[in-house]
Amino acid sequence: MRRFVPHLCESSRTNFEEDENWKSFADKYFLSFSAASMITDYILSNEDAMALLNVPSNSVAFYHYLAVKEVDLKANKTKVPYITEDGGASTDYTNYHYFFNKDAHDLTREKWLGENVINVLSHIYFDSLADDEKDNITAIFTNLGFNEFTKDSFVTTVIVGDADFRAKVNAAIENNYAANKSFVEYVFACEAQLKENCFKDYVLRCVDIHINEVYLCNDDVRYFNQDAYAQNSTYADNINHTWLQDSMMYALSNAYFEGREKEEVKKMESFLRQQFGVKTFTDKSFFTDVVIKNKAVIYASLVDEATMLTFLEYLKRDADRLFDDTMSFNDIKDMPLLAYDGTIVRARELNIQYIEYNEDAKTLCEKAWCPKTYVVLSQKYTDDFSQDMRQLFKIVKFDINTTTDILAQNANLRQSVNVINNNVDFWRWVKVNQKQIASVDKFKAIPLLDKNNALINGASLYISDTYQHEQIEALVTKYVKEAQFVSSSYIETANENEKAEWMKLFRKLDLKSDNKDILFSDILPKLSTIKTESLDSVVAMMTKHLKDLKDKWAERKHQIMQLRVRTQSAGYKTLDQVIIVNVDEDSVSEPFKYITLANEVHPDILKANKDLLLAISEEYGNRNLITTKQMWIDAKVMDYLAKFAADENSVAGTHIQFVREVTKIQSEYDINDTLRKQIKYLVKSNETTYKFAHELTLGTAYSPTCDFEANGVSELPYLSDTYIFEGNKDIIKQYFKAENLHQNMTREDLKYLANRTFACYFWSKCFSRRLSEYETWIEEGLFNNLVCIPTENSVQKPELLYAPRITASYAVRAKAPQWEEKVPCKAIVESIDNRDARDLFERLHFCTVLSFEDCLYYLARVTERREEESDYRRMVINWMLAASHTR
């Protein structure tokens, strides 16, 4: 190689080194030596130099040099050849390349490698080297990508993990049993721990069901063709199914086991099962891996009853081993079913029942009106399938109730029975089977034919006379003109047993057959519009069936509450508009018998229908229910007041009687205060006039506290005396006084004191009774300047009269002109014999001094006969002096 590298020869260098300037000169003009640069720049780029490396001895020397100089050729490895164990030179770093050992070199000779290339480095690179030198050369080749070869690693890494490698192997061993078997033997001898099915994608020699040879991987189902496992059938037992195709399953060639001892055969079987995925034949595996996997093709091949029966025979044979807890409906839901008539059910439909063979089910299924809500299956399923197996297939026993529940909801049935013949046949079938049908309520929405062959809901129909002994048609039409009766077309033999069966069915369907039915179906819904002339009989009918009404009260009460009943006024009203008097007539007498409550339920109606009417009244909150005499009294008082307010003359004939009874009742019961205040009473006058109690004054006949009437006061409206008769004097007086009619002196009555008769009466008879009140009036000045004090002949203001105790006696003795009109009437003053009353009377604003003129009269006319007279005269003179100063 030296000739390919420019360099100074050794002799020249020796001569130059003797010169003392050589080193500096060499550093300046010569490159320093680098093995890596020398190889990169002068060897690898020179074809002639590279050609020399194809010679084994040159290659060995070159790589030894690299090891010594620690040159890294990794970046240029594809340019540098190496010598393989076979003696050739190679630059192949793409395929697998290993250090030499016997296993690696032997591998390169295997036929099953096919187009795969395995490069093994020649051993000559390591001959005659010390251990450290071997380490150095090993490092060089390791850096170039060479690996130590071990069979286990090769199997797990390359054979298992390299898809391209596998494809080339499969190409080599497919259709070449010798190579195939050699490959199997090679991996079988591997002692590495392998994952399950790691060789599943490598082909093995197999045979199809017609003994045709084929090489297959685990993409196809491959079984050992061996004796039966446990209680299962064998592969050979199943290759003759008419519905089985060639590509659906295969058997592994038994050539793999030839020449092996029994134990070795077991090991090989285990290896092929675990690593290549070859299956042990079991009935369960055949069903899941072959039948279910190919179900679309297999099921499509079951084209008639004969092929279905062969398939069912197969299922029967293996049923015990197939249909266990691991199998679900989803696994077999697509399997076709054989119907009782030989037809094949290809697909399961929603809302369709699949039923075991049953004659009743078959009969129903064949009815023209019966929609396809269920399928009756072949007797084969009942005979050959266990109960658990039928349950798994969702094959159910025929249950007439479950089936009819589904039928009743089917729109096609409802459409079909609209055809007259279908309708008749349908109801005849229901009649025959009604004992087995738990409830025919489900069919109530399906119409029946009436006498005109019109389709009518059963609840609107009456049972015609054809079917029953009771002839009700005439009775029904009396109440319901438009009544409809069920057609007689349904009956077949007209014997009594058949009629009885139809009656049972019709009653279950709520057809109407008596007046209770009339009541519920026709009267109650129209109760608010029934003519009044029929209402009395209607309420009687409702009472007759009150128990039935109560049973359905919640759902019917909105209709029942529309009942109208006859009232005392002969009108008809609902129970929220009438009064019900529900009292014990034996212990409670009727008040105000002459007053009839217009809205009261007529007693005859109430007596005959009390329970019904009270029940309805309760729904209205018993708003107008009278249960006590007190309530009865209040109701009649209110009725009287209403009539009075509307027309006073309407109660003129009973007014006196009414008031007299009110006064009597009030002594035992408490008539509502608000009601009493609304009563007007007759005024004592020549005309018929009524006033409220607070507007009237008690006259003399009622013994008032202050008798205005007897003492000259005619301006007040007095209560009529006509209310009093010999038997009620005390009660009537107490009543009106309790009602606070006017009977006492009030502030408003002070004006009547101008009447001398009343003034004399007041001061002599009344004044002493209410001194505290009258004292307040005096303090408030109510008597000031009021004409209220009687004199001998008239009534005067207190300010114009001399005070009785102070000045009146002076005027009397002086005989002053008209002195009788200047002092209070002596008789009246003397009648006030109560000292407190007399003192209070004196506090009125009487005049406490004589006038100047009357003083003169006093001095002139009164003789001083007594010693005390001088004191009086002195007082008179003082009054005169005081009067002169005020003039």
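## The second largest pocket

Helix H24 gives the largest share of the lining of the second largest pocket, contributing four residues. The model shown here is a predicted one, and in this model the pocket holds about 440 Å³ of space. Its lining is made up of 16 residues, and those closest to the centre are Asp510, Lys512, Asp517, Phe520 and Lys552.

## Around histidine 97

Next, turn to strand S3 (residues 96-98), where histidine 97 lies. Is this histidine buried or exposed? Histidine 97 has a relative accessible area of 9%, under the 20% cut-off, so histidine 97 counts as buried.

The side chain of histidine 97 has polar partners in the backbone. A polar atom of this side chain lies 2.7 Å from the backbone oxygen of asparagine 95, and the side chain also reaches the backbone oxygen of glycine 145, at 3.1 Å. Leaving aside residues up to four places away in sequence, histidine 97 touches Tyr82, Asp92, Asn119, Leu144, Gly145, Phe146 and Asn147.

Strand S5 (residues 204-207) and strand S6 (residues 213-216) run antiparallel and are joined by four bridges. Which residue of S6 is the bridge partner of valine 207? That partner is glutamate 213.

Five residues sit between S5 and S6 in this hairpin. In the turn, isoleucine 211 has a positive phi of about 65°.

Note on methods: Residues are numbered from 1 along each chain as its sequence is written. This is a predicted model: local features need pLDDT of at least 70, side-chain atom pairs count only at pLDDT 80 or more; totals for chains, interfaces and linings use all residues. Side-chain values use heavy atoms; hydrogens and water are left out. On a 1 Å grid over the protein atoms alone, a cavity is a set of points where a 1.4 Å probe fits but cannot get out, and a pocket is an open set with protein on both sides within 12 Å along at least five of seven lines; lining residues have an atom within 4 Å of a point. Grid points are joined across faces, edges and corners, and a volume is the space filled by probe spheres set on the points. Helices (H or I, at least four residues) and strands (E, at least two) are DSSP runs, numbered from the N terminus. Two strands pair if DSSP finds at least two bridges between them. Buried means under 20% relative accessible area, exposed over 50%, partly exposed in between (1.4 Å probe, protein chains only). A polar contact is a pair of N or O atoms within 3.5 Å; within protein, one must be able to donate a hydrogen and the other to accept it, and residues adjacent in sequence count only if both atoms are side-chain atoms. Contact means heavy atoms within 4.5 Å.
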